[in-house]
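Here is a short walk through a structure that is new to you. Keep the sequence and the 3D view side by side as you read.

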Amino acid sequence: MSTSSIPLQKTALFDAHQKLGARIVEFGGWSMPVQYGGIVEEHKAVREAAGVFDISHMGEFFVEGPGTLNFLNGLLTNDVAKLGIGQGQYTLMLNEQGGVIDDLILYRLGEETYFLVVNAAKIDEDRAWVEKHLPSGVEFSDRSALYSAIALQGPKALEIARAFFGAGWPEPQRNEITRYSWNCQDVLIARTGYTGEDGVELFFGNDVAANFLLTLLEVGKPFGLKPCGLGARDTLRLEACLPLNGNDLSEKRTPLEAGLGIFVSLTKAASFPGKEVLQKQKSEGPAEKLIAFQIKEKGPPPRPHYLLFQGAKQVGEVTSGAPSPTLGSGIGLAYVEAACAGPGTTLELEVRGARVPVEVVKKPFYKRPV
Amino acid sequence: MSIIPEQLRYAASHEWVKVEDGTGTVGITDHAQQELSDVVYVDLPKLGSRVAAGAVAAVVESVKAASDIYSPVSGEVVAINNELITQPDLANKDPYGAAWLFRVKLSNPGELDALKDAAGYKAQIGE
């Protein structure tokens, strides 16, 4: 339970969730649906057909004007120069020590117009960090409060989007973003997601949000589309080994430790906060790494903060863990000493005083069939 | 809305107890299983161990989280439901029947007075 005295924020879809029978929980300062029917049922809908998630709590930033490319390249880890208009990339914002402030997706909407989608719980911190580094001439605006967003995910997601928007819709390719009009309202359509499935993330104004969601559910019904909550979102992203900031990422962990090196350009000319630390860490090799592990036998699922051992020695700590609906066994992510990080290594998980054997496995646990 | 049988006693922490001949059968309520959803693993107390009213006696794990289960009564554990080890989803299907957790030989039957009746529990969960 939240002990905060600040009232929880509600998305523009809150009433729609209640109508759909959602169970509501607190997440990152927001009242969000954790499930509608059941987590496993929703998880399977996304793996086998499609699911729709409210992601309105996430933050939407816009950065534009001359010099924006250089500014963002000096703030974020990935190489912004690689983005053509209409393309997006996963990237990270680090502190001076190389620790993760936030992970986000950066889209280039125009010649010098960029759109950033950041984590809900980090909106204020991210905005302060961007503003602190903002040079004159570059315009920054936090439009999180104006935007609603949903993620439509699953093997049927694209078919549903086509049925919803009409055959002439501007279908984005992987990591691309397009613009379209629905009921005279501007919609941003990004081919991205957080489930390990194909799909799109849709951004639009708050006033059309409920109508948008309910119409989409109606159109998607014959395809098996289900409304899905944060519970399924967590098990889906965990199976796909997509990190969750606050669990698997933190200000104490670098992207190299987290295995996100491919999203860090140490060769680009621009210097960004944490770059020197990462260069050093790369040449020395991180002392600890984020690994994926699986419970070998039928046993209790791993949970965050459980400890991992090799014999008597504690070698790591779990950051995410749950029973995997797809694999049928407990899976987790954990930071462990680099010497124990190789796939095939057997470790022991401590669960309520007992030891359970686990095996380090190759990431991800789940990869969608091509 | 959840099912709340009239003849049982309830703890505020969402366990039920049914007492017959000085032995209490303990389980979790329909409301609790709905909140947890998708139970995947159950840790039960050891046969012959002693449990205390209000203390953790078992753990029920759903997809979301591990939840402590508090015994509503004190005494010796005289039976545990091994069916739940192999079929943890019984907790979702039949919370007042096949998914009982353990049985306790009551050491202090007076503790039952501190538990809620069906109406009291119904009021607590706002139904």
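How many residues of chain A are in contact with chain B? Twelve are, and they meet ten residues of chain B. Bear in mind that this is a predicted model. Three elements of chain A each supply at least two residues of the side that touches chain B: helix H2 (39-48), helix H7 (230-239) and strand E17 (313-323). By class, that side of chain A has six nonpolar residues, four polar ones and two charged ones.

Strand E17 of chain A leads on to its partner. E17(A) and E18(A) run antiparallel, joined by seven bridges. Within this pairing, Ser320(A) stands opposite Leu333(A) in E18(A). The two strands form a hairpin, with six residues between them. In the turn, Gly328(A) has a positive phi of about 75°.

Now look at E18(A) itself, residues 330-337. Is this strand mostly covered or mostly open? It is mostly covered, with seven of its eight residues buried. Strand E15 (residues 288-295) of chain A also pairs with E18(A): the two run antiparallel, and seven bridges join them. Here Ile291(A) has Ala334(A) as its bridge partner.

Definitions and conventions: Residues numbered from 1 in each chain as written. Chains lettered and ligands numbered in written order. Predicted model: local features only at pLDDT ≥ 70, side-chain atom pairs only at ≥ 80, totals over all residues. Contact = placed C-beta atoms within 7 Å. Helix = DSSP H or I, 4+ residues; strand = E, 2+ residues; numbered from the N terminus. Nonpolar A, V, L, I, M, F, W, Y, C, P; charged D, E, K, R; others polar. Buried ≥ 20, exposed ≤ 12 C-beta atoms within 10 Å, placed from the backbone. Pairing = 2+ DSSP bridges.
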